[in-house]
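Good morning, everyone, and thank you for coming. Before I walk through the pocket, the cores and a few single residues, please take a moment to look at the sequence and the model on the screen.

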Amino acid sequence: MPAVIGRDKQHVFQYIVDKVAKRLAGWKSKVLSKASKDILIPMVTQTIPNYLMSLFLLPLNVCRKIETLMNERGGLAYRCIHDFNLALLAKQGCRLLQNHSSLAARVMKGRYCHDSSFWEAILDNNPSYIRRNILEARNVLTKGCYRRIGDGEDTLVWHQPWLPDLDQPYVVSPMASGLDQCKLFSFIIPSLHKWDDMQMNNFFQQQDVMLMKQMHLSQQKQSDSPTLMPYLFLHCRLIRQISLQPF
């Protein structure tokens, strides 16, 4: 693994391409059947950069070179190295979300997100390459995460996904003036742990109201938290493959 990563990322990670080429050069591919190539080539070559891809977003040119080396050996057309890279980085994001007490999560929180959450973190003037890469893969997680509602104090009504709808977890009702930073607890009766029907009907369309009534609010005091949608691993083939590995 490179100790220092400069501006020329392609040069820094070129050794991975060379390592894959060296591994494939020793194969007697002519004696392998098509089925053997389809199975052995991805199994052998994709394991070489796996660890680095879980930390760094490899340059597109490096990914294309690896795919070209794989395709030259025959078999299927391999074009998913970049997507696989994003999936591995997204898995690191999952670790930060699910294991708040881990050393990595506490370091990242204290160094980069001390005044915001993982979802709201922005790049500063001099971010580390690892942090830049993990936030790049945040887009993958954004498509498959929603808010699990506790007391509603940490969820922005119109800017975060929290409705129990796989296709549209965001509120579709138009936002009234002055409610840009409105939190969900404004529509909950805390003493009864139930929705405020009058407030709901005043601010939400019927579609959103029906979805809200399907939600069971917690009877105990607990914070809102992000959680993965059930369909995320089914929708994204690469994420589904990685989800089989333990966190």
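When I speak of helices and strands, I mean DSSP runs, numbered from the N terminus, with helices being H or I runs of at least four residues and strands being E runs of at least two. Please keep in mind that this is a predicted model, in which local features need pLDDT of at least 70 and side-chain atom pairs count only at pLDDT 80 or more, while totals for chains, interfaces and linings use all residues. Residues are numbered from 1 along each chain as its sequence is written, and side-chain values use heavy atoms, with hydrogens and water left out.

Let me start with the largest pocket. A pocket here is an open set of points, on a 1 Å grid over the protein atoms alone, where a 1.4 Å probe fits and where protein lies on both sides within 12 Å along at least five of seven lines; its lining residues have an atom within 4 Å of a point. The space in the largest pocket comes to about 380 Å³, a volume being the space filled by probe spheres set on the grid points, which are joined across faces, edges and corners. Its lining has 20 residues, and those nearest the centre are Leu96, His100, Lys109, Ser117 and Phe118. Three helices, α6 (81-98), α7 (103-111) and α8 (129-136), each contribute at least two residues to that lining.

Next, the interior. By buried I mean under 20% relative accessible area, by exposed over 50%, and by partly exposed anything in between, with a 1.4 Å probe and protein chains only. A nonpolar core is then a set of buried Ala, Val, Leu, Ile, Met, Phe, Trp, Tyr and Cys residues joined through side-chain atoms within 4.5 Å. The largest such core has 22 residues, and Phe13, Leu58 and Ile66 have the most contacts inside it. Two or more residues of this core come from each of α2 (14-25), α4 (50-53), α5 (60-72) and α6, with α5 giving the most, namely five. There is also a second, separate core of 19 residues, which includes Leu163, Ile188, Trp195 and Leu217.

Which residues of α5 are buried? They are Val62, Cys63, Ile66, Glu67, Leu69 and Met70. These residues lie on the same side of α5, because they cover an arc of only 155° around the axis, the arc being that of the directions from the helix axis to the C-beta atoms.

Finally, some single residues. Glutamine 160 sits in the loop between β1 (145-148) and β2 and counts as buried at 10% relative accessibility.

Is histidine 193 buried, exposed or partly exposed? At 28% relative accessibility, histidine 193 counts as partly exposed. Histidine 193 belongs to the loop between β2 (188-189) and β3 (194-195), and it has a positive phi of about 55° although it is not a glycine.
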